[in-house]
Amino acid sequence: MPPNLMLLATAGITLLLLVVPNSATKTPQFREAPAFRNGKECAKSQWSTTDSVHDNDTIQIAMTLDYSSPYLRGSIAGVLSVLQHSTCPENTVFHFLATQRHHQPLRRTITATFPYLNFHLYPFNPTTVNHLISFSIRRALDQPLNYARIYLADLLPPAVTRIIYLDSDLIVIDDIAKLWRINLNSHSLGAPEYCHANFSHYFSSRFWTNPAFSTVFKGRKPCYFNTGVMVIDLTKWRNHGYTEKLEYWMRIQKRYRIYELGSLPPFLLVFAGNVEGVEHRWNQHGLGGDNLEGLCRDLHPGPVSLLHWSGKGKPWLRLDAKRACTLDNLWAPYDLFRHEYLFSDS
């Protein structure tokens, strides 16, 4: 190549390196959260990942972290809300599930945002569930991390015998210890139930007209429950093989198309009618509207301990677009996002 062309090519490459933004500069940045300390009445947590003895003073919470989407912003707000309203925040251990390739930047993000947080990060391999996922009415419901809650008992160490699972689009406005202390009695799973909901709408006519499927509810009184807030006895889960039972219904769905909604229906098929009911205050869900339009909604009647923007409309998107619903303003104080790094939902 002639010297003048070589110089031009080198200059062009240099210019490209200057113009094309480094992916690191697009990393979502969050402000550092305040340090939250235990009250004087708090016992010291004795829990460790290698100790199989259940420690009632340590609250275990599981969440997913999606580094590649705006849901990370929701997760960060959720963590802050839990800590801010806890009497014993230092006794709370977070167990985060995320894809392996995002672990390094996620660890940096969580450590920088919550320097005092007690947390563990676990790899979730999307190939575990990719072959079982059927398309649903909204693309966000089809993401592999949306199904990670099915594998909590496999991914978390045996020392974790009980867990609160929380979605990424909610905030807690009460002491999470109250939810932690509920008695599951003989059940493996506790959640607010909504028995007034039309349960038949969650499955197709193909399901209800085939006795091989519909008789799964024989002897049960199934009620709808939202899987975004669950208290789970992982020991019972492991002993009863619930992961395999959930996967069974996902395989049925792939072949026969018996429902339309993501990861919820398998949970209803396995657990509905066998759930320990929790006060409705612990999942004021549906604040994101339905799965198609995501319109504003009001709270259900009654007290509130947890606000949940299930549905298409997410508070961070509506706030950024200057089209916030009234209740979205309750989420805004927990938003630690640095707005010069805004990115949009897909």
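Predicted model: local features only at pLDDT ≥ 70, side-chain atom pairs only at ≥ 80, totals over all residues.
**Entry 1: the sheet**

I began with strand β2 (residues 92-98), which runs parallel to β3 and is joined to β3 by six bridges. Strands here are DSSP runs of E with at least two residues, helices are runs of H or I with at least four residues, and both are numbered from the N terminus. Looking along this pair, I found F94 standing opposite F119 in β3.

Residues are numbered from 1 along each chain as its sequence is written, and side-chain values use heavy atoms, leaving out hydrogens and water.

Next I looked up the whole sheet. Seven strands make an open sheet with mixed pairing, in the order β3-β2-β1-β4-β9-β6-β10. Its edge strands are β3 (118-123) and β10, each pairing on one side only. Two strands count as paired if DSSP finds at least two bridges between them. A reminder from class: strands of a sheet pair through backbone hydrogen bonds, either parallel or antiparallel.

**Entry 2: helices on the sheet**

Which strands does helix α2 (residues 71-84) lie across? I found β1 (59-64), β2 and β4 (162-166), with α2 running at about 170 degrees to β2. Helix α3 (residues 103-113) lies across β2 and β3, at about 165 degrees to β3. The axes are lines fitted to C-alpha atoms, for helices over the stretch in contact, and the angles run from 0 to 180 degrees between N-to-C directions. Contact means heavy atoms within 4.5 Å.

In total, I have 12 helices and 11 strands for the protein chain.

**Entry 3: the inside**

I read that 53% of the 346 residues are buried. Buried means under 20% relative accessible area, exposed over 50%, and partly exposed in between, using a 1.4 Å probe and protein chains only.

The largest nonpolar core has 53 residues, and L152, F203 and W237 are among those with the most contacts inside it. Helix α10 (residues 264-271) gives the largest share of this core, six residues. A second, separate core of 51 residues includes A77, L106, V172 and L184. Such a core is a set of buried Ala, Val, Leu, Ile, Met, Phe, Trp, Tyr and Cys residues joined through side-chain atoms within 4.5 Å. In soluble globular proteins, nonpolar side chains tend to be buried together.

I also checked the neighbours of L152: leaving aside residues up to four places away in sequence, L152 touches A62, L97, I163, Y165, I232 and L234.

**Entry 4: salt bridges**

How many salt bridges does a search of the whole structure find? The search gives nine, each a side-chain nitrogen of Lys or Arg within 4 Å of a carboxyl oxygen of Asp or Glu.

I followed D174, which is buried at 11% relative accessibility. Its side chain meets that of K178 at 2.9 Å, N to O, and K178 is partly exposed at 44%. The side chains of R281 and D174 also meet, at 3.9 Å, N to O. This pair links distant parts of the chain, 107 residues apart: R281 is in the loop between β10 and β11, and D174 is in the loop between β5 (170-172) and α5 (176-180).

Elsewhere, R73, D320 and D335 are linked in a network of salt bridges.
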